[in-house]
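Open the model in a viewer that lets you select residues by number. The tour below goes from one selection to the next and says what is there.

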Amino acid sequence: MNISVVIPLYNEEESISELYTWIERVMTEHHFTFEVIFISDGSTDRSWPIIEELQQKSQGKVKGIKFRRNYGKSPALYCGFEKAEGDVVITMDADLQDSPDEIPELYRMITEDGYDLVSGYKQKRYDPLSKTLPTKLFNATARKVSGIKNLHDFNCGLKAYRSEVVKNIEVYGEMHRYIPYLAKNAGFNKIGEKVVQHQARKYGESKFMGWNRFVNGYLDLITLWFLSTFGKKPMHVFGFLGSVMFFIGFISAFILGAHKLYYLWSGIPQRLVTNSPYFYIALTMMIIGTQLFLTGFLGDLISRTSTNRNEYQIEKMI
């Protein structure tokens with residue numbers, strides 16, 4: 001199979017049929033074999049019945065996954081990637097702001113130009129300033145932290161992947177914003193970008209508005225940076241910081257004790273060591289240093305065990 005199109009959605013009943021018709025037309029014109037995987041992320045409208053109707057009419061080209069509740073975009077992509085069978089996997093949003101007409105060129109860049117991942121770049125956006133301005137700042141930070149200098153739009157929903165990429169990365173939490181970074185950490189270094197057409201939203205309102213998503217985005221970026229740098233070796237950072245703090249605290253306490261002994265030996269009256277604030281600062285540093293060291297040790301133990309963070313309640317699958 002040439003292409004799998006993975007589409008996470010939440011309450012997009014107005015656009016699903018139109019989007020599939022558009023995708024089908026593009027695939028037929030270019031003679032691609034394909035499948036479209038819709039993931040209904042806890043939708044409360046008629047999205048799932050429409051997906052079922054499309055599945056019955058499409059002769060097996062449409063597949064669907066229905067979550068019992070809303071988990072978020074990353075879990076939806078994770079489950080879609082698991083089921084994808086195409087040589088190239090295309091992701092796009094269901095709101096018709098991503099154009100299926102971009103698919104042939106994205107496919108060509110993967111299969112002929114040899115890219116592992118190609119990310120769309122919505123150079124001209126039809127979003128309000130309250131969304132575009134923070135997005136520019138966010139992308140600048142993401143480029144700096146990830147080291148992927150050629151990407152201008154990390155969070156663009158329209159992306160193309162070599163099949164091996166989606167089968168070897170783990171998208172969880174809200175890490176869908178950083179899939180290029182995840183791919184780079186997994187060893188897929190040929191990452192490209194394509195300027196794509198961004199269309200004004202045709203139906204309803206965006207489900208991803210609000211400043212909290214940008215705050216969460218930065219927190220996720222810090223998490224991903226730490227995991228990619230120290231995730232397999234937490235003792236290296238916590239153990240180092242703990243050892244430094246303990247050493248400084250110990251030396252400080254030693255100097256205070258030596259100072260006290262010197263004055264006692266010389267017969268010079270001196271106040272109690274415990275009356276000095278420096279004693280408590282040194283003691284606190286030693287305690288915190290020990291805690292950081294133990295944190296690194298426990299982190300090493302935890303990193304050696306597997307987690308079940310990608311288990312989701314799936315109500316139906318077609």
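Start with β5 (117-121) and β6 (159-162): three bridges join these two strands, and they run antiparallel. Select S119 and then K159 in β6, which is its bridge partner. The model is a predicted one, in which local features need pLDDT of at least 70 and side-chain atom pairs count only at pLDDT 80 or more, while totals for chains, interfaces and linings use all residues. Residues are numbered from 1 along each chain as its sequence is written, and side-chain values use heavy atoms, with hydrogens and water left out.

Helices (H or I, at least four residues) and strands (E, at least two) are DSSP runs, numbered from the N terminus. Two strands count as paired if DSSP finds at least two bridges between them. Strands of a sheet pair through backbone hydrogen bonds, either parallel or antiparallel.

Next, show the whole sheet. Eight strands form an open sheet of mixed pairing, in the order β7-β5-β6-β4-β1-β2-β3-β8. At the edges stand β7 (191-195) and β8 (314-317), each with a single partner strand, so one side of each has no neighbour in the sheet. On average, neighbouring strands of this sheet are turned by 20° against each other, direction ignored.

Select residues 3-9 and 34-40, which are β1 and β2. These strands run parallel and are joined by seven bridges. L9 stands opposite S40 in β2.

How many salt bridges does a search of the whole structure find? The search finds 13, a salt bridge being a side-chain nitrogen of Lys or Arg within 4 Å of a carboxyl oxygen of Asp or Glu.

Select K63 and E35, whose side chains meet in a salt bridge (2.7 Å, N to O). K63 lies in strand β3 and E35 in strand β2, so the pair ties together parts 28 residues apart in sequence. Are the two buried or exposed? E35 is buried, at a relative accessible area of 1%, whereas K63 is partly exposed at 22%; buried means under 20% relative accessible area, exposed over 50%, and partly exposed in between (1.4 Å probe, protein chains only).

Move on to E315 and K66, a salt bridge with its closest N and O atoms 3.6 Å apart. E315 is in strand β8 and K66 in strand β3, 249 residues apart. K66 is buried at 17%, and E315 is partly exposed at 33%.

End with E105, R108, E112 and D113, which are linked in a network of salt bridges. Within it, the closest N and O atoms of D113 and R108 are 3.0 Å apart. D113 is partly exposed at 30%, and R108 is partly exposed at 27%.

Technical notes: Axes fitted to C-alpha atoms, helices over the stretch in contact; angles between N-to-C directions. Contact = heavy atoms within 4.5 Å.
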